[in-house]
Every structure is written in C-alpha cells, then in structure tokens.
Amino acid sequence: MDANKKGLAKANEIYNSRGAYAREVKKQGKRVFGYFCCYPPIELLSALDIVPVRILGDMDEPITLADNCLPPVMCIFCRSAFDIGMKGQYDYFDGFVGAHACDGAERTSFIWSNYIKSPCNFHLDIPHTTHNSAVDFFKEQIEYFKAELEKSAGEEIKPEALRKAISDHNHQRALVRQLYELRKPDPPLLTGTEMLKILIAIMGMSVAEGNLLLTEVIGEVKTRENVQEKKRRLMIWGSLIDNAVFTELIESSGLNIVIEDTAIGTRPFWHDIVETEDPLQGVAEHYLKEVLCPRTFRDSGSNYAQDSDSRFGYLRDFAKYWKVDGVFANIIRNCDVHGYEAPVVKDYLTDLGLPVIMIEQDYSTTSLASLRTRFQAFAETIGS
Amino acid sequence: MFVAGIDIGSTITKIVIKNETEILSTVITRTGAEHRRMALQVMTDALANCDLSFESLECIVATGYGRINVPFADQQVTEITCHMRGVHWLFPTVRTIIDVGGQDSKGIKVKDGRQVDFIMNDKCAAGTGRFFEVIGDVLGVKLEEIGPISLRSEKPADISSLCTIFAEQEALLRLSEGTSVEDILAGLLKANAARIHAMVSKIRIEKDVAMTGGGAKNIGLVKALEQKIGFPMVLPPEPLITGALGAALIAGETARSLRTEELRAKKEKRRLEAVTFFDKDSVR
Amino acid sequence: MEKEAVKTLKSAKTLNTAREAGYFGKKMLMGAIKAQEEGRMIGWSMVTWWQGDFIAKALGIHLVYPENYGAFCASVRKAEPYLELADSEGFPNTLCGYARNCLGFAKSLKDNDYVIPEGAPGGGLAKPAVMIASGTACDARYKWFQSLGRYLDDVPVWTLELPQPGVKEYFLEGNKEKNVQFVVKELREFVSFLENLTQKKMDYDKLSEMLDQAFKTLRLAHEVDLLRKAVPSPMVSQDFWSVMLPHLYLPDDPEAYAFYQRVYEEVKHKVDNKIGAIPNEKYRVMFSELPPWHSVGFFDELAQRFGIAMVIESWNYHAPTPMPEEEIGGISDPLEIIARLTYHKGREHNHVAREFDTSPGYFNAAYLQWAQDYRADGLIAHPLMSCRPATYTLMETRNRLEEKLKVPGVIVPGDIVDLRVFNIDEGFSKVEAFIETMDHYRELRKQAGMAW
Amino acid sequence: MEYIAGLDVGSAFSKAVIVDSDWSLLAFDVRPTSGNFVLAADLVMREALHKAGLSKEDLSNIGACGLGVPFLSPAFKKINDLSCHSRGTHYLLQSARTLIEVGNQSARVMKMTPKGKVADSVVSDKCAAGSGRILHIIAKVLNVNVEELGELSAKSVRPAKFTTNCAVFLETEAISRVAEGTPKEDIIAGLHKSIAAKIAAMVLRLRVEPDCVMTGGIALNGGLVAMMEKEIGQSIRVPEQPLLTGAIGAALIAAEKVN
C-alpha cells in the first residue's frame with residue numbers, strides 16, 4: 001500500500017485491495033477481529049486496541065464452496081460472505097464475532113465457526129424487541145462478550161479505555177454524518193460510490209486511523225466545486241450494497257445517490273452512543289434501539305398509520321432534508337427481514353409522494369447489467 | 001418536420017418515421033447476431049420507403065436493448081418510457097400496458113399520460129417470446145402458428161416446469177406419452193400467462209389494458225392472459241412498433257423544444273454509421 | 001402423467017391410534033368456528049412451543065394458528081389464490097409460504113370488511129383481537145405478523161422473546177439462568193399486556209393446572225419417542241406426523257393425554273411383541289425437517305420398495321426431553337415453569353452439540369443424538385422454499401452426520417405449500433441410489449467398530 | 001451362453017450395448033433420441049443386436065436406465081441411473097473411485113466402492129447451466145461442432161464473463177458477444193469456466209479420491225476436462241466410450257439378475 005496516499009485516494013486504494021490493509025495492520029503486530037453485520041459493539045474491540053473488520057461478501061465471486069454447507073435458498077449475501085471465507089479471504093482473523101441479527105446472519109455465524117476456526121470466537125445473541133428487559137438482557141450478553149474478549153486478550157478492559165473507545169467511535173459517527181451533510185447540495189459534493197468506498201475502508205481500519213481518513217476526506221470534499229452533474233436524487237433503503245460496481249451502475253443511469261438507509265450507510269452511524277455511567281448501558285441501548293435494521297421488532301403506535309409513522313418517520317426526514325426525488329428499495333434475494341418490510345415502507349413513502357422502485361437482486365455483479373434499464377426508466381419516471 | 005424512432009430489441013429491430021401527425025414509414029426486422037449491424041440498413045430502407053433523406057430527419061431517438069450505441073441517434077430513452085408514450089398516443093384510455101418481448105416481459109402503469117410505475121422480468125426466459133421460439137423449434141411448430149393451434153385444445157396439459165430448457169424436455173415427454181401438440185401448447189401458454197399475470201399484478205392491473213410486443217401477436221397468449229385478467233385487452237394494429245413509435249414521439253418533442261441552430265449542431269454530430277451494438281458497461 | 005395422481009399420496013399410517021388423531025384437527029377447526037360464532041376473543045398465534053399458549057388460553061383467548069392454517073390450505077389445494085394475492089401486494093415470493101398464504105387471506109378479509117369471505121378454506125380465520133408472534137427459530141414469525149398491520153390495522157402484536165445463545169455461550173457460567181430469568185420477566189409483561197387487553201385477571205391456579213396437565217401429556221409423548229428406539233421400529237414418521245398435533249397445540253387438553261395413553265399402549269404392545277411398523281425393516285432412516293404434507297404416502301412406498309423405516313424425524317415438533325429434576329423441582333411460579341419448558345425445548349441438545357464440537361445446538365444436534373439412539377442408517381433431508389430457516393442447517397446436519405457418525409444423508413427437495421416442487425419420481429430414484437450408499441456407510445461403521 | 005442388452009435412453013442420446021454372460025462387451029450403438037423414447041430405444045437396441053449378429057430372441061434380459069425408461073415396455077428392466085453409471089464406469093476402469101457424469105440434463109458426482117457400487121452421490125439441481133445441454137446450445141450459436149469446443153477454448157486469452165445462468169439467455173448473450181467481436185475462444189472458455197466451477201463444487205463436497213473419472217458427452221471436451229482438473233486439483237481420466245457407461249452398467253446389473 002502507498003503510505004503517502006491520503007483521503008479519497010487512500011480510501012479508494014483500501015477499498016480496491018480488500019483485506020490488504022487489515023493484513024498489513026496485522027503484520028504491525030495488531031490483532032484483527034472479524035464481525036458480522038452492524039450489531040456487535042466494536043467499541044469493546046477498540047478498547048483492547050483490536051482492529052474490527054466488517055465481514056462482507058463479494059458480488060464478483062461465483063459461490064461454489066458455500067453450496068456444500070448453506071442451501072441456495074439462503075440470503076445470498078450470507079452465502080457469499082461464507083463462501084469467500086471458506087476460500088481464505090478472512091484467514092488472518094484473530095477472532096470472529098458472530099451475531100443473531102437475522103436468521104441468515106445467525107445460522108451463518110454458527111456454521112462459520114464450524115469451519116473457519118480462529119483463536120477467539122463469540123456469538124452474540126440479540127433480543128428481537130426493544131422491551132426494557134430486552135435491553136437488560138442484551139447488556140448481559142455484551143458483558144459476556146467483554147469477559148470472553150478479556151480472557152483471550154489476557155487483559156481487562158479498563159473503564160476509561162472503554163469510555164475513550166466509545167467517544168472515538170462517536171466521533172467517527174459524527175464525521176460520517178458530516179460527510180452526509182456534504183451530499184445535501186445539488187449536485188452532491190460526494191457521490192454514492194465514493195461514500196461506499198470510504199465507509200467500507202473505515203470498516204476495516206482502527207477507529208483512530210478511520211477518523212484520520214475521514215477528516216482528510218472531508219477536507220478534500222468541502223473545497224470541491226460541483227464535481228458531478230445534476231441528476232435525480234435517489235435514496236436507497238434496504239439490504240446493504242458492498243460493491244461500487246452497483247452504485248456506479250445506478251449513478252450512471254441518471255441518478256445521484258444522496259443517502260442510503262442501509263447497513264453500510266446511515267444505520268451504524270446515525271446515532272451516538274450516550275455515555276452513561278455504566279458505559280455498557282449506553283452501548284446496549286444504542287445497538288438495540290438506534291441501529292434501525294428491520295430485524296428488530298419495534299412495537300409502536302396503536303394502528304397501522306401511527307406504527308408506520310413512528311417506525312419510518314426518519315425516512316421522511318431524510319427525504320425532506322436531502323431533497324430526495326425517488327427511493328430504491330433494495331432487496332438481496334432471500335433477505336426476509338427486508339422482504340416483509342418492503343411493501344409497508346413502499347406504502348409509507350408513496351403516501352409521502354415519493355416514487356419507489358423495489359428490486360430483488362441476486363447479489364452478483366454479473367446479474368447487475370440487466371438492472372440498468374430499470375434505473376434509467378426509474379430516472380425517466382421521476383423526471384417526467 | 002420529420003423525426004424517427006428506432007427500437008433495437010434483443011430479437012427484433014423496429015423503426016418508425018413520422019411527421020407531426022402521422023406515421024410515414026415503419027420497418028421491422030430480426031435483430032439476430034449478424035443483423036445487428038443492419039440497423040443502419042434498416043434506417044436507410046425506412047427513409048427510402050417515404051423517400052426522405054437522412055438529413056431531413058430533425059431528431060432521432062433510440063430505444064430498446066441496443067439503444068446505447070446507435071451512432072446516429074440524438075438521444076436514448078428506455079423502452080419502458082417509449083412503449084408507454086407509443087401506447088398512450090394510440091389509446092389515451094389505457095392505464096396498464098403488458099409488453100411481452102423477445103427476452104423480457106414488462107408491466108407499465110400510465111396515469112394522465114405519465115408513467116407512474118413499472119415492473120420488469122428478465123431473470124429467466126419463461127414468459128418471453130424466446131420461450132415460445134424454443135418450444136416451437138422442439139415441437140416443429142412455427143412461432144406464428146403456436147397461438148392458433150393452442151386454441152384447438154380442449155384439455156391443456158399440466159406443465160410443471162417453466163424453465164424453458166426443462167419445459168422443452170417436458171413437452172417432449174408429453175409428446176411421447178401421446179399428448180396432442182395443441183394440449184401441450186395450450187398448457188405452456190396457460191403457465192406463461194399465469195407467470196406474466198402474477199408479475200404485472202404487482203403494479204395493480206387497471207382498465208384499459210393494452211398488450212404490446214411479440215407476445216401480443218400470439219392469440220393463444222392473449223386469450224390466456226385475458227382469461228386471467230378477466231376482461232379483454234386492447235391490441236395495437238402493429239404491437240411491435242409501439243416502442244419505436246414512442247421514441248419518434250419523444251424525438252418530435254425534442255425537435256420542437258430546440259432552436260434551429262441547436263438542431264443543426266445536433267445533426268452535424270450525427271453519423272449514419274453501423275450500430276456498434278453492445279453496451280460495454282454490461283460486459284463488466 | 002396425471003399430476004394429481006402422481007403428486008399427492010396419502011399415507012396409510014401403521015398405528016390405529018394415529019388414524020384417530022384427525023379428531024384433534026377437526027376439534028381445533030370446530031373450536032375456532034364455535035369461538036367465532038360465540039364472539040369470543042380470537043388470538044392469532046405462532047407455534048410458540050407452549051410459551052404463549054397457556055397464558056393466552058387461561059385468559060380466555062381462543063388461539064388459532066396461521067401456520068397450521070397455511071398447511072391446511074395447501075393440503076386442500078386452496079392456497080394458490082392467497083399466494084397470488086400476496087404476490088400482487090408486493091411481498092416477495094421468496095417469503096414463507098405459510099406467511100404469504102396468511103397475508104393473502106388477511107387481504108381478502110379486509111376487502112370483505114372483516115367478514116370471513118364465502119368459501120374460505122376450513123371456515124377461514126376470524127379477525128383476531130391480538131396476535132402473538134415469536135422470534136424463535138425464524139424471523140418470519142414476527143415480521144409476518146408485523147406486516148399484517150397493513151390489513152388488520154389496529155390489532156396489537158406481541159413478540160415473545162426467547163434467547164438463542166450459541167452453544168459455547170450457553171455453557172458460559174450463569175448465562176442459562178440469565179436467559180431464563182429474562183424470559184420470565186418478559187412473560188410477566190406479556191401477562192399484564194393480555195390482562196389489559198382482556199380486562200381480566202390471570203388465574204394462576206388455573207394456569208398451574210393447565211401446566212400440570214400439559215407436562216403429563218408432553219412426558220407421555222416423549223416416552224412414546226423412547227419406545228421408538230426398538231428394533232424393529234414400532235411406529236414410523238407417517239404415524240408421528242399425525243399424532244404430533246395434540247401435544248403441539250393441545251397438551252393441556254385431557255383428551256390429548258388420554259389419546260397418548262392409547263398411543264403408548266399400542267406402541268408398547270408392538271415393542272413387547274417385536275412387531276415392526278413395516279413388514280421387513282432393512283434400513284432405519286431419519287427425516288428432517290417438515291414433511292411434504294401432500295405426499296406423506298411417499299414414505300409408505302419407501303417402506304414397501306426398500307424396507308425403509310422412518311424411525312425418527314422433525315426434531316422441532318417433538319415433545320422435549322424431560323427437564324432434570326434439579327432444574328424444575330420446587331418451582332411454583334407457573335411463568336417460570338413455562339419459561340424453563342420452552343427454553344429447554346430449543347436447548348435440549350446443546351450438550352450433544354458441544355460433545356461433537358458443532359453449531360448450532362438446535363435443529364442439527366438432535367440428529368447427532370438420534371442417529372446413535374435410533375441406530376439410524378441414513379438421513380433424508382427435505383429442503384423447503386416455504387420454510388427456509390428450517391432449511392438453513394440441513395446441509396450442515398448432513399455433513400456432520402457423515403463426518404462424525406458415518407451416517408450418510410440424501411437431499412430430496414420439496415415444499416410444504418407449493419406442491420409442484422416435490423418431484424416424487426425423482427425422490428424415489430434418489431433414495432434408490434441412496435440404498436447403495438447406506439450399505440457402504442454400514443460397512444464403514446462396522447470397520448470403525450461403531451455400535452450399529 | 002447368455003446374452004444381455006443394456007440401454008441408456010437419455011434426453012439427447014440413446015445408447016445400447018450387448019454383453020454375454022462372461023461380461024464381454026459384444027457390440028454397442030448410439031443414436032439421437034430426438035424426442036421419442038420408445039422408438040429410439042427400439043432402433044438403438046436393434047442396431048446393437050445387428051452388430052452383434054444376434055436377434056431379440058437371443059436376449060435373456062434387458063436392463064435400462066435414463067430419462068426415457070418410464071415410457072418403455074416392462075420388457076426393459078428399469079435400473080437406477082446412478083448405479084448403472086457407477087457399475088459401467090467400474091467395468092471400463094476398475095481403478096475408478098470418483099465419477100463425474102455430466103449428462104444433457106444435469107451433472108452427477110459419485111463416490112464409488114472398489115466393487116463399483118455407489119458409495120455416495122450428489123446430483124446437481126436441475127439447472128441447464130451446469131449440464132451438457134448448454135454446450136450444444138452455444139456450439140449452435142457459434143456454429144462450431146461440439147467436438148471442437150475443447151481445443152478452441154484452449155486458445156482463449158481472456159475468458160468472457162456472462163451476466164446470466166439461464167441457458168436460454170446465455171445463448172442470446174453469446175450472440176451479443178459475437179456481435180461485439182469477442183473471440184469465439186473466449187466465449188467458449190468463459191462458458192467452460194462457469195460450468196467447471198459449478199461441477200467442481202459438487203466434486204469437492206464428496207472429498208474425492210483417485211482415480212477420478214469423467215463420463216458423459218462433455219467428457220470428450222478436452223478443454224472442459226482440463227479446466228475441471230484445475231478446479232478440483234487432480235487429474236481426471238476419461239474412458240474411451242464415455243457415453244456408454246450407463247448402458248454397460250444396465251447390462252451388467254441385469255445380467256446379475258439373470259444369474
């Protein structure tokens with residue numbers, strides 16, 4: 001890796017050579033842990049100076065080895081992540097943190113630990129509701145996670161270290177939100193593709209390095225003059241996108257991505273962890289209540305309208321402040337939690353007068369090409 | 001003022017040349033591998049039909065699968081918008097369009113001449129013209145005969161697989177069991193109609209419903225779909241050209257919206273060359 | 001090839017008592033219709049492994065089970081229209097077939113101003129006053145009820161919590177107790193939620209009585225399972241799939257207990273007299289997970305053609321192994337008893353999973369235990385499009401059985417709702433080839449000096 | 001001396017062999033099924049008998065496997081496909097322990113016992129993408145003979161990537177590639193690559209042991225076999241008559257039933 005590269009160029013390089021950066025960090029003697037989805041509290045890893053690496057799939061790699069352990073009817077993202085795991089993509093992990101986010105993530109975490117062994121291995125159970133006792137339970141599970149980490153690290157997590165990690169990650173969240181601010185102008189100063197690369201980059205770095213990178217990027221982007229042309233402004237809701245080929249396809253079809261409510265988007269970054277007296281209290285509250293993946297059952301309002309409003313009101317605000325023209329509801333095939341939610345979200349957004357295009361896709365770069373016409377047509381639809 | 005719309009589909013290429021009020025010339029030809037470069041020829045023929053010079057065309061809009069690399073087009077628009085515009089020009093009362101093309105089938109929702117929603121299926125060949133070409137080959141039935149023959153069936157065969165390759169296999173099995181060709185075809189049409197209907201239902205089917213594309217020329221499919229929908233559909237006199245027609249209409253608007261010198265500038269850039277058909281991006 | 005004839009195959013069943021079990025299906029159906037006529041409070045409930053049932057029933061709520069209704073609609077071939085409705089409502093057709101059937105039905109219910117439409121299969125389901133969802137085993141089972149808000153508008157949904165720790169984590173000191181206490185707290189909340197809804201007070205004595213009855217039934221149902229270890233196998237899966245209904249849905253019903261007494265006697269008699277369920281038992285095979293409801297006769301054919309006895313099956317639908325006395329003894333709070341029962345059901349084989357160093361503990365660990373207890377020669381795995389989460393671990397179960405116990409598996413895809421997925425002829429030829437495989441692995445087990 | 005016929009009535013080709021009770025292979029014949037199983041079975045068997053200088057009456061038993069069997073008269077003893085291929089392969093190559101049989105419809109991988117029985121097997125889900133069928137489709141598009149595919153692909157520098165698995169769309173996509181000017185070699189190599197990857201995954205699941213044998217039409221396709229060898233990391237043997245294994249197995253198993 002080129003050490004002199006900074007900001008966007010650096011993010012781009014890290015994105016392009018997945019894993020290379022983490023492997024280098026490891027060479028420098030740091031421990032690297034992999035984690036599934038945006039629920040494991042990585043603050044605990046940072047507190048032990050362990051570098052958290054978000055486990056992603058590879059839309060560009062045909063799934064072969066996973067076929068023997070995970071059936072084709074399973075979430076294709078999970079299958080892909082496991083597949084490249086089996087192919088050695090993540091063989092440098094010192095630890096693996098699985099999570100009961102959704103069925104797919106949970107089962108994959110379990111089966112992952114059967115095949116891909118790493119020195120430290122923890123499966124974090126996550127309750128389905130936001131009831132008070134659920135938060136308490138989740139906090140207990142996080143405490144077990146903490147204990148296991150300390151055992152494997154041979155040192156305990158000092159409260160002040162944890163507090164520092166939390167504030168560092170909160171700082172990271174703030175920086176990411178600043179980047180989102182820079183996408184409010186029309187045309188946005190930052191493309192969806194650039195954003196994706198930056199977020200994936202920092203999801204494979206130590207929080208300190210990540211924050212440094214973000215600061216550099218913000219510096220560069222602020223001073224930009226309209227780098228791209230005006231296009232229809234698109235919000236993405238739903239399953240994650242972890243490959244720039246996808247965002248490039250969208251943004252070359254007459255659309256600018258301005259905000260994405262996904263697991264590689266606003267969800268992990270939108271809310272800060274409240275720094276409570278017992279730090280883990282704030283951590284538990286944050287991950288269970290403020291990471292807005294439909295996997296969590298939020299019971300709110302006494303009828304459909306109220307319920308939708310309190311569950312999706314934030315989408316209305318996104319649409320308002322980012323001047324969204326249309327919404328792409330992205331569903332990776334076999335993703336149940338988004339599948340059940342999609343028609344409800346579509347109702348809600350359509351009532352707000354926002355056109356919605358819902359696409360179930362196969363999480364494979366080769367099957368993307370056929371989507372181009374749909375995005376162009378959607379751009380024409382909201383343009384007319 | 002003369003304008004043209006060219007629709008390069010995956011299987012068939014269509015051109016419409018029109019003036020403000022009427023269609024002057026249309027040409028329809030197979031796209032097939034070696035034909036693709038003939039889009040140029042097709043344009044030339046279309047011009048000859050209404051003896052116009054290439055220069056006399058104020059604006060040209062390309063649409064369809066191969067729209068991206070038509071060097072002599074001033075503008076590209078997706079087939080979805082174009083079909084909608086074409087059908088709306090022909091039948092202003094239409095609210096839902098079902099287009100069954102060579103390689104995909106779509107549903108388009110129209111409201112006050114604007115497209116409000118659409119859905120598209122192109123993952124598998126079921127419910128597309130290609131399906132029937134393949135089946136036709138196996139059963140030794142010409143594409144255009146499939147519909148009429150199927151109408152003779154009393155007892156449509158039960159077809160379990162919609163995957164073209166295996167439906168083909170199943171058709172063979174049924175044949176060797178002694179099931180009649182019309183029953184097999186009727187069964188296949190029924191199954192495909194169900195598939196198409198299920199897809200289009202997602203955007204809520206509202207009256208009037210128009211059917212376009214090669215599928216609309218298959219009377220068996222039309223009847224099977226109408227049975228599913230529960231009321232008759234309207235069919236354009238030539239269901240294949242609605243896309244090209246829509247493209248021509250858009251070309252007309254563009255031409256009217258531009259000042260003469262802007263148009264001249266466009267024309268100068270325009271090259272009457274062969275279509276270098278393929279969309280490079282999709283090769284990635 | 002008449003599809004109907006080929007595709008659906010009713011099972012003869014080998015137990016006389018199994019043939020009686022249909023009574024309980026009718027009883028549930030009639031009960032629901034009666035409750036609707038009497039205007040009693042109806043609750044739609046997921047299968048919750050008894051976590052919610054007793055509590056709701058004790059407060060006078062009549063429970064109906066949309067999952068069960070899905071199976072019913074499919075078996076009478078009335079699911080199609082509902083599936084299409086759900087489709088056109090924009091729900092991906094990759095979602096659970098039971099769910100899509102229910103969503104479609106709910107849409108038709110709403111369009112008919114909540115009057116059950118004419119000709120709804122089995123009398124339909126009346127608009128509920130409450131929906132009891134469960135996060136256990138499958139996300140669909142709470143997301144589905146949540147998205148029903150689209151059609152049922154103001155019907156409240158309660159999602160029952162049940163921890164699903166990893167095997168290693170389950171054994172971390174104190175974790176299990178913490179898990180159980182969490183469930184107890186949640187159940188208290190659940191009770192007060194229902195008390196508000198029904199404007200009734202929970203009668204805990206009544207609840208305890210129901211529990212006592214249920215425990216007796218479940219224990220008996222489990223003892224029937226134990227009898228099935230005998231060689232030759234006294235009863236087979238075709239029987240179990242009929243007799244499972246009462247203990248799964250009505251364990252607190254004295255009639256269910258009486259029924260299992262009859263089942264027990266019949267099976268016991270066959271064991272004592274070495275009467276096999278099938279004439280010439282050559283292979284003892286396990287089945288996971290849900291069967292092709294429409295073609296259970298498939299297994300009669302396997303018995304007849306190859307001497308295959310389906311000795312044990314469908315872990316998720318069995319009565320749990322009894323809890324150790326030190327865990328349940330001396331506990332008087334019925335809510336805690338319920339919490340322990342349901343929590344135990346999902347965790348009962350974690351020690352096996354640990355022993356074999358495999359995950360998860362639910363679903364696949366049970367088969368590792370059973371393969372030994374029931375001297376199994378093979379596993380027939382039945383992946384389902386309509387119930388994907390139950391399918392996610394199938395291949396892993398197969399891999400582990402082959403690796404750890406030299407018990408091979410064959411995969412015969414099918415579905416519980418979409419009847420067309422199950423190709424019965426393909427099924428036969430796959431199993432036919434599987435015979436040679438089972439012979440081979442028998443050799444391997446012998447060489448390895450294994451017990452069977 | 002007893003004579004036994006073995007048939008493999010597939011979706012694309014019908015094969016017949018005649019063996020005697022000493023298990024020596026007297027004659028065989030292969031012909032396209034072209035949609036009529038009954039007719040094809042009759043013709044192919046008659047031709048084989050003719051080559052062996054025998055008549056139907058000389059046969060003491062007939063074993064048959066393949067897609068078409070259910071449609072044949074009871075005179076043809078239906079025998080399980082997998083067993084037949086395994087036994088037939090064992091007959092041709094005793095050392096075979098792993099069999100990769102890629103037919104017109106699907107791919108099957110078998111682990112074989114030293115006696116040529118099926119120790120374990122995995123059958124591809126019915127997907128034309130992993131079957132021989134697709135090669136014929138593409139060969140037609142590129143108008144080359146299926147036989148040539150192998151050597152052509154060997155010349156490829158940059159195998160093409162396809163955006164679909166659907167055999168039908170692969171066809172039209174291949175057409176696009178041609179139009180686009182992609183060399184035939186790259187198109188074929190790209191196709192081979194995706195098929196090989198699909199099948200290799202099945203092979204790997206069975207933890208293959210040598211010798212590894214490949215049969216079925218596409219075993220004659222050197223390019224694909226080479227690519228498979230790369231994917232599974234061991235050499236693959238191809239018998240001289242890779243199409244016949246099913247028919248031979250059927251005959252042998254039928255022969256056992258006679259004795």
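Reader: How many residues does the contact take from chain A and from chain C?
Author: This is a predicted model in which local features need pLDDT of at least 70 and side-chain atom pairs count only at pLDDT 80 or more, while totals for chains, interfaces and linings use all residues. Residues are numbered from 1 along each chain as its sequence is written, with chains lettered from A and ligands numbered from 1 in the order in which they are written. Two residues are in contact if their C-beta atoms, placed from the backbone, lie within 7 Å. The count is 48 residues from chain A and 48 residues from chain C.

Reader: Which element gives the most to the side of chain A that touches chain C?
Author: Helices (H or I, at least four residues) and strands (E, at least two) are DSSP runs, numbered from the N terminus. Elements giving two or more residues to this side include α5 (103-115), α12 (304-321) and β8 (356-361) of chain A. The most, ten residues, comes from α13(A).

Reader: What is the order of the strands in the open sheet of chain B?
Author: Two strands pair if DSSP finds at least two bridges between them. The sheet has four strands and mixed pairing. β8 (114-121) and β9 (209-212) of chain B each have a single partner strand, so they stand at the edges. The order is β8-β7-β6-β9.

Reader: Which residue of β9(B) stands opposite D99(B)?
Author: Strand β6 (residues 96-100) of chain B pairs with β9(B) in the parallel sense, over four bridges. The residue opposite D99(B) is T212(B).

Reader: At what angle does helix α6 of chain B run to β7(B)?
Author: Axes are lines fitted to C-alpha atoms, for helices over the stretch in contact, and angles run from 0 to 180 degrees between N-to-C directions. Helix α6 (residues 181-201) lies across β6, β7 (105-111) and β8 of chain B. Its angle to β7(B) is about 35°.

Reader: What distance separates the centres of the two domains of chain D?
Author: Domain bounds come from an automatic or database domain assignment, which gives domain 1 (3-87 + 244-258) and domain 2 (94-238) of chain D. Ten residues of domain 1 are in contact with 13 residues of domain 2. Taken over C-alpha atoms, the distance between the centres is 26 Å.
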